[in-house]
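I opened the notebook today to look at the ligand and its surroundings.

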Amino acid sequence: MNAKTRQFDLVVVSNRLPVDRVTDADGQQSWARSPGGLVTALEPVMERSSGAWVGWPGVPDAHFDPFEIEGGSRGGSFHVYPVTLSELELERYYEGFSNATLWPLYHDVIAPPIYHRIWWESYRTVNQRFAEQVAAISARGATVWVQDYQLQLVPQLLRRLRPDLAIGFFDHIPFPSYGLFAQLPWRAQILEGLLGADLIGFQRSEDARNFSRAVRSVLGVVPRRNVIVAADESPAGSHEVEFGDYPISIDADEFEQLGRDPAVRRRARQIRRELGDPAHVILGIDRLDYTKGIRHRLKAYGELLEEGRISVADTTLIQIAVPSRERVETYRRLRDEIELTVARINGDYSVIGRPAIQYLHRSFPRREMAAFYLAADILLVTALRDGMNLVAKEFVATHVDNDAVLVLSEFAGASDELKTALLVNPHDIDGVKEAILQARDMSDGERTRRMRVMRRRVSEDNVERWSDAYLAELRRVSAANRKNTSEADHEH
Ligand code: GDG
């Protein structure tokens with residue numbers, strides 16, 4: 001069958017495809033899979049049920065034919081349907097509406113959200129294009145799983161085109177409290193867009209509560225517990241939308257294996273040696289984003305050095321800041337601020353061969369990430385707001401010897417599950433300082449006890465369980481909706 005006319009039983013839709021365009025030494029172009037939690041989670045189900053992935057391939061103004069990509073960690077393949085975005089759409093839909101309007105608004109306005117009507121228009125246009133692409137390749141009654149805040153209108157647009165589909169939506173980032181969400185000029189349209197789904201998943205129960213309140217206040221529809229009756233164009237005139245919390249996780253086995261891998265363990269020891277074998281290695285790994293609280297962390301760390309409560313003689317902080325959204329002005333400014341702070345702290349406290357902060361602005365292969373996790377005694381996650389924070393879960397899974405401490409922000413979704421971490425309010429700098437010292441001075445027994453509880457949790461609630469639970473519920477809810485629709489159809 002021609003790849004273009006193929007129909008699939010499971011279609012995953014996300015802004016960015018989990019593949020990258022790569023050019024080899026001879027100038028030959030090809031596709032490489034970008035490793036990520038979501039692909040790993042969905043790979044087994046995609047293979048079981050003839051799956052396709054719809055998304056933007058990362059290159060503006062380029063048209064690519066659908067293709068099949070192989071070579072995953074499980075040796076499987078899936079079909080890829082690239083959606084074309086122009087340079088202007090990238091500016092307005094992606095960098096504009098997604099990353100300069102929704103992202104700051106949904107993360108508690110840590111940075112001020114910017115509202116532009118022209119960005120909103122582009123968001124609508126692009127969401128329509130995604131919906132049409134999905135409609136064209138979904139088999140009758142197929143399951144479609146829409147991912148994240150860039151595509152909140154797709155559920156409704158898709159339901160209009162294909163009422164036969166089971167439509168799920170998962171929000172990877174927080175859903176803001178009503179007081180903030182109310183700012184959005186297009187708040188009603190966004191909620192109506194989402195309500196095209198059969199099931200809406202959030203990271204935390206708090207997000208689900210915020211969503212419920214927004215629906216009540218903006219649309220005047222009162223949810224019954226976790227169900228909303230949403231008007232649509234079907235013979236029944238409406239369908240039921242279920243919503244709830246489905247906290248995402250990681251491929252815990254993979255990180256545990258990396259944690260036991262002799263080569264990764266050797267590399268972790270080597271990292272410590274190259275730092276001059278400090279007694280305490282503290283780590284931060286984040287996309288360079290203002291939501292991650294990197295400045296708060298540096299402030300706490302700088303003050304501890306200034307007060308002589310920690311010393312470069314026995315402690316090093318490794319801060320990995322993964323480049324992110326570098327064309328958005330707020331991100332460029334943030335990078336300057338962070339690098340100025342790091343340079344000041346290093347200028348004031350480093351000695352030759354003993355940096356106060358080992359700062360790395362780049363990304364690393366997964367095995368190297370695991371080596372950094374293993375090399376560290378303490379991980380600092382000080383996010384001001386974070387949907388989940390997978391780095392925290394990966395750190396926990398990798399430390400198979402239970403010999404590390406997680407300092408975790410209560411504003412990260414992960415804090416609902418990882419309750420034996422040292423929980424901090426990152427705005428409380430003194431509290432963060434105390435937590436760093438408590439982590440450093442913790443007895444072996446307490447470290448092990450706390451870590452063991454978290455490791456069990458991450459290993460049981462892994463990402464495969466997450467996607468299985470979500471998809472099972474989606475199919476249940478949509479089957480009930482289709483039954484109601486066909487009964488209404490017969491009555492007519
Ligand atoms: C959003 C939400 C939510 C990072 N640097 C490298 C690298 N990574 C990988 C990590 C981890 C992932 O990227 C980052 O995930 P986080 O959850 O920490 O943060 P966001 O990117 O903000 O993700 C978040 C998530 O969606 C999932 O729902 O948890 O709240 O904001 O897996 O390992 N991977 C490699 N090299 C790097 O340099 N290979």
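**Ground rules.** I am working with a predicted model, where local features need pLDDT of at least 70, side-chain atom pairs count only at pLDDT 80 or more, and totals for chains, interfaces and linings use all residues. Residues are numbered from 1 along each chain as its sequence is written, and side-chain values use heavy atoms, with hydrogens and water left out.

**Who is around the ligand?** I found 19 residues surrounding the ligand (a heavy atom within 4 Å). The closest are H172, F364, D386, L390 and E394. By class, I noted nine nonpolar, five polar and five charged residues in this shell; here Ala, Val, Leu, Ile, Met, Phe, Trp, Tyr, Cys and Pro count as nonpolar, Asp, Glu, Lys and Arg as charged, and the others, Gly among them, as polar.

**Polar contacts.** I looked for N or O pairs within 3.5 Å. A polar backbone atom of F364 sits 2.4 Å from a ligand nitrogen. The side chain of H172 has an N or O atom 2.7 Å from a ligand oxygen, and for R287 a polar side-chain atom is 2.8 Å from a ligand oxygen. On its own the ligand has 730 Å² of accessible area (Shrake-Rupley method, 1.4 Å probe), and the protein covers 82% of it.

**Where does the ligand lie?** I checked the domains, whose bounds come from an automatic or database assignment. Domain 1 (8-248 + 465-484) and domain 2 (252-461) both give residues to the shell, so the ligand lies between them.

Notes:
Polar contact = N/O pair within 3.5 Å; in protein donor to acceptor, adjacent residues only side chain to side chain.
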